[in-house]
Every structure is written in C-alpha cells, then in structure tokens.
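Let's take a walk through a structure together, one piece at a time. Keep the picture open beside you as you read.

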Amino acid sequence: MTPEPAKGAPAPKDNRWRLVEATMRRHGHKSHALIEALHSAQEAYGFLENDVLRMVATELRIPLSKVYGVATFYNFFTLKPQGRHTCVVCTGTACYIKGADQIMNVLEKKFDLKSGTTSPDGQVSVLTARCIGSCGLAPAAVLDGAVAAKLTPAQVVAKVEEWMSHDQH
Amino acid sequence: MISIEDLSQISQAEREARDAVGHQINVCVAASCLSLQSDKVKEELEKAVEAKGKKDCCKVRGVGCMGLCAAGPLVAVEKEKVLYQGVAPEDASAIVDALGGEPVARIQGDLEAPFFARQQKIVLENCGRIDPERIEEYIAADGYLALIDTLTAMTPIGVVQQVTRSGLRGRGGAGYPTGLKWATVNKSQGTRKFVICNGDEGDPGAFMDRAVLESDPHRILEGMALAGYAVGAQQGFVYVRAEYPLAIKRLKLAIKQAEKMGLLGANIGGTTFSFNVDIRLGAGAFVCGEETALIASVEGGRGTPRPRPPYPRSRVSGAIRRSSTTSRRSPTSRRFSATARSGSRRSARPRAAGRRSSPSRAQSPTPASSRCRWGCRCARSSSTSAAACPTARRSRPSRRAVPRAAASRNRASTCRATTSPSRSSARSWGRAE
C-alpha cells in the first residue's frame with residue numbers, strides 16, 4: 001500500500017517542516033529514521049498532527065498505518081496539542097513516597113488538571129513520567145524542560161499560577 | 001591518524017596544565033546538582049575567583065556526578081580533598097576565601113563517611129573527576145589508550161579471548177558472559193554487524209546509565225569501539241532515553257570530539273578498522289530496555305519484543321536484516337574499557353562494591369562472608385545446596401547452564417547468574433578458542 005499523498009499539509013517551505021526534513025535527510029530518508037523524524041516533528045510543532053504524520057509517511061515511504069502505530073505506541077509522542085508550558089510530575093517510587101500524589105491532587109483540585117490534560121486556556125499541560133532518575137531530589141518535576149527539585153505542592157501551584165497569569169497579557 | 005604517542009602527548013600536556021593550577025575547584029554539573037542550580041554556583045565561584053584576584057592559582061571547572069546527589073549541589077576542592085555539600089550561590093566567596101586555609105565548616109561534607117570510604121569505583125572512576133565535555137581530560141585519564149593499543153597490537157579473536165578470561169558478564173539482570181556473546185557474533189556469518197549500547201533504563205531509582213552518560217561519555221564510546229573491533233562491526237548505536245536531554249547533549253558532543261580526533265570514524269589509528277556511532281532516542285517505552293524490543297525501536301518500529309530464537313546476536317530481522325547484533329547494557333560497555341586497559345586480571349578481582357556502581361547502590365556492600373554460595377543475602381552456609389536458598393531456587397536456569405567464569409565466584413550484586421553448577425566450562429571454552 002502506498003501512503004496517500006499529503007492533504008492540507010503544511011507548506012513545504014514552512015520552517016518547522018524544514019527541521020523535520022533535515023533530520024530525515026541526515027538519515028538518508030531511510031525507514032529506520034522514523035522515530036528520529038517524529039521526535040523532531042514533535043519538537044517543531046509541539047505535537048504530531050495528522051498532516052505531519054502523513055508527510056513523514058510519504059517522505060520515508062512507509063505506510064501511514066505504521067507511522068500511526070509508532071506515534072501511538074510511545075508515551076513521549078502526543079497527538080493532541082500541548083499547552084505552552086508543561087509540568088511533568090515524576091511518579092517514580094521515590095517521588096511517590098515523598099508526595100508526588102499530593103502534587104497531582106492539588107493540581108486537580110485547584111486547576112482541574114489531571115495527568116495528560118491541558119488547561120482550557122491552552123497555557124499549561126500536566127503530564128506524569130516514570131522515574132526521571134532524580135530520586136535524591138524527590139519529589140521532582142520537570143517544569144518546562146528544567147528539573148525542579150524537592151518540590152512542595154505550594155511551589156507547584158505558585159509556578160502554575162505564574163504561568164497562567166503571565167500569559168494573560 | 002592518531003597514534004599512542006599523540007595520545008600520550010595530549011595527556012601529558014593536560015596533566016601539566018592541571019598541575020600548574022594551585023587550587024582546582026570542581027563543581028558537579030550532572031543532572032541532579034544542575035537541578036539544584038549548581039550552574040549558578042559555578043558562575044558565582046568564577047566571579048569570586050576573578051574578584052579576589054586568584055585567577056592565576058585557581059580554576060573552576062564542571063565535573064560529572066560525585067555520587068552524593070541527595071546533598072547537592074556538591075563542590076570539591078581537588079588537591080585539598082575538601083568536599084562541600086548543599087552549596088548555595090552565596091557561599092561562593094566563602095569557599096574561595098577558605099582556599100589554602102581552614103575549610104568552611106558550615107557546609108563541609110565528610111569524605112570519610114561510609115558512603116565514600118566503602119566505595120571502590122571502577123566504572124565510575126572518572127565520574128566527578130573529569131570534565132565530561134572535554135575529550136582531553138578523558139585522554140589524560142588514560143582514555144582511548146586501550147582502543148588504540150588493542151587496534152594495533154591485538155586480533156579480534158584475541159580481544160574476545162581476553163574478555164572471556166576476564167570473566168566479564170552482562171550488567172543486566174541475566175549476567176550473560178560477555179565473552180561468549182562476542183564470540184558468537186564474531187563467528188556468525190554476515191558482513192554487516194552492529195553494536196547496540198542499551199542506555200534505556202526505566203526502573204525506579206535506576207540511573208547508573210545516566211550517571212556515566214552525563215559524567216564520562218567517552219568511556220562508552222571507547223568500549224563500543226572495542227566491542228565493534230572484537231566482533232567485526234562497523235556501526236554502533238547508543239539508545240538513550242529522550243528524558244535525559246543532558247546525557248544526549250554530552251554524548252553528541254563526545255561523538256563529535258572523538259570523530260574530530262580520529263578516534264571514531266574511518267581508519268581509526270591508521271588501521272583498517274572503521275567505526276561510527278549514532279544516537280537513537282527512546283520515546284518513553286519501558287519495554288524498550290529488552291533486547292529484541294530495543295532493536296525494533298532502533299529500526300524505527302514499535303518496541304514490541306519477539307520470541308527467541310533466533311537470537312539477535314546470531315540474526316536479526318528488519319532493517320538490520322541478515323546482520324548480527326551484539327546489544328549490550330551500557331554498564332557492560334563502560335566496564336569493558338576499564339577491563340581492556342588493565343588487562344583481564346584486574347577485572348577478575350573479586351569485589352563487593354562497584355559492580356553495578358550506581359550512586360545509590362555502591363554505598364552499602366554486604367560482605368561476601370555473609371552471603372551464601374549462591375551469592376544472595378540469605379546467609380546460609382556455603383555448603384547449603386541450591387534448593388535451600390530461596391533466591392537460587394527461584395532463579396535456577398531452566399534450560400541451559402550458563403558457563404560461569406571462576407573469576408566471578410565472589411560476585412556480590414546478583415544472585416541469578418551465579419546459580420550455574422558448571423564452573424569450569426567458561427575456562428575450557430576459553431581454551432578452545
């Protein structure tokens with residue numbers, strides 16, 4: 001089966017698409033570059049939209065079903081748009097014992113944010129991760145890519161509030 | 001083309017430069033300390049050194065993980081053997097003032113504490129001592145010497161034999177003899193072979209791969225190149241979790257540096273051996289730590305394990321079809337470069353700490369005497385049969401006896417691999433080679 005031609009795909013000159021294309025070129029447009037391509041697509045677009053999956057399938061000459069299969073198999077890839085800021089709470093054993101569940105509870109109570117959801121204004125996404133390996137610093141969370149150590153629920157709430165208020169103006 | 005002389009020149013220059021500095025201040029810049037803002041501490045220390053006019057006799061540099069992550073950020077003054085823990089950026093000027101005099105007692109850590117005193121670092125010997133972002137420092141710690149030496153003086157079969165003699169085993173749970181695995185790949189038919197380094201760790205509290213990837217990335221590259229030479233592979237992949245951005249960054253940098261120096265790439269050290277290393281990112285699937293799932297993921301597919309045989313080391317399917325793969329846990333490959341450097345005898349030394357030397361695990365070795373002959377902590381006497389030891393009973397190999405090197409008789413960390421009764425088979429196998 002040949003993949004469908006890309007429909008409604010981003011214009012080829014889109015800068016974000018160029019990043020994805022550069023990754024595929026580096027691997028010679030071989031099919032084994034799929035995960036790498038999806039990584040850079042997610043980095044460029046923030047999430048994997050259907051059009052991007054189609055474009056990747058066409059470029060690497062693999063069935064769309066396989067691309068979709070890989071994109072949905074791995075936790076790291078998301079098919080839904082993410083908020084502008086992300087808060088990844090570690091729920092590994094050490095963090096759990098030190099109160100990662102309290103952090104999740106407080107986020108749910110205060111902002112109605114569960115794991116895998118984005119706030120209605122599209123500003124903050126909350127995710128959970130398996131052990132991020134910073135057990136000495138438990139409970140830990142990755143706030144916008146930076147590991148924050150020894151967190152209390154209040155600190156996380158303050159950070160989320162800061163993100164939300166910043167983005168209003 | 002790089003030779004042993006070039007390496008020793010670089011190492012000499014690096015050591016002289018280090019000796020010329022009076023006070024070397026090491027700041028941990030591995031992930032744990034960085035998340036406690038050790039980068040700011042480093043900045044402040046640099047400013048303080050400059051402000052107090054100690055720039056000539058004092059140097060601040062970032063080093064890898066020192067092990068005591070819970071007490072970070074850690075700062076060590078190298079020659080005076082002083083460790084500071086829980087350092088805040090405001091402490092910087094006090095630390096610089098105390099150089100050459102009495103250390104700042106308020107934040108001083110205890111280097112004589114059991115945590116440090118009972119560690120014997122082997123794989124992690126360079127962690128916390130060298131700057132992971134500079135290849136020269138790794139070379140000054142005798143890095144890449146084993147690679148060039150092996151390439152010029154040994155045959156691939158000779159390397160496999162030495163690894164077999166050393167008794168080195170896989171660092172994963174199964175403890176498969178590395179020499180046996182390499183010999184299988186070495187002998188297997190096929191023109192394209194691969195070395196895959198498994199840096200995908202996801203067990204809670206397990207971050208020994210990250211510690212080395214962030215603190216001593218060149219060690220992994222050297223170990224992989226040696227494995228590639230032994231088995232006849234020209235391409236290696238390091239599979240790293242995407243959740244470790246710092247490890248990926250440092251590994252990428254290390255590959256670039258090694259390629260620039262001719263320690264990776266075509267015709268390493270002027271020999272016919274070529275070896276390239278590529279990074280593959282994991283995408284958050286715990287199962288990808290398993291060998292066949294990992295290979296599926298490297299090939300760009302879903303990481304689903306498949307039944308064996310065929311074993312990956314004899315044949316794998318998909319994009320690396322008709323190729324043999326030796327996939328190894330990254331602790332094994334790090335360990336190997338230490339083995340090759342000191343010869344097989346050192347590796348055969350019985351030891352308690354530092355087998356799987358993750359910062360958390362290396363701290364409390366149980367003395368070998370309190371273990372039963374199956375290596376676990378059930379404290380039964382050495383004459384007890386396997387049936388009496390609950391761990392040995394649970395994990396007795398079902399189908400085939402795993403050859404066991406005499407060297408690892410006293411191994412301490414895992415019970416599973418030591419239950420084999422055929423103690424002499426590894427030795428006889430080594431002779432047959």
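**Where the chains meet**

Start where the two chains touch: the contact takes 29 residues from chain A and 25 residues from chain B. Here, two residues are in contact if their C-beta atoms, placed from the backbone, lie within 7 Å. On the side of chain A that touches chain B, the elements giving two or more residues are α2 (34-45), α4 (64-73), α5 (93-97) and β5 (146-148) of chain A. Of these, α2(A) gives the most, with four residues. Helices (H or I, at least four residues) and strands (E, at least two) are DSSP runs, numbered from the N terminus. That side of chain A divides into 17 nonpolar, 10 polar and two charged residues. For this sorting, Ala, Val, Leu, Ile, Met, Phe, Trp, Tyr, Cys and Pro count as nonpolar, Asp, Glu, Lys and Arg as charged, and the others, Gly among them, as polar.

A quick word on what you're looking at: this is a predicted model, where local features need pLDDT of at least 70, side-chain atom pairs count only at pLDDT 80 or more, and totals for chains, interfaces and linings use all residues. Residues are numbered from 1 along each chain as its sequence is written, while chains are lettered from A and ligands numbered from 1 in the order in which they are written.

Now look at chain A by itself. Its secondary structure comes to seven helices and five strands, and along the sequence they run α-α-α-α-β-α-α-β-β-β-β-α. Its C-alpha atoms fill a box of roughly 50 × 35 × 25 Å, taken along the principal axes. The domain assignment (automatic or from a database) gives chain A domain 1 (15-73) and domain 2 (85-166). Taken over C-alpha atoms, the centres of these two domains of chain A are 29 Å apart. Buried residues make up 40% of the 169 residues in chain A; a residue is buried if 20 or more other C-beta atoms lie within 10 Å of its own, exposed if 12 or fewer, and partly exposed in between.

Over in chain B, there are three domains: domain 1 (21-113), domain 2 (135-347) and domain 3 (368-432). The contact between domains 1 and 2 of chain B takes four residues from domain 1 and six residues from domain 2.

Finally, find helix α8 (residues 156-166) of chain B. Eight of its 11 residues are buried, so α8(B) is largely enclosed by the rest of the structure. Among the buried ones are Val159(B), Val160(B) and Arg165(B). Just after α8(B), Gly167(B) takes a positive phi of about 80 degrees.
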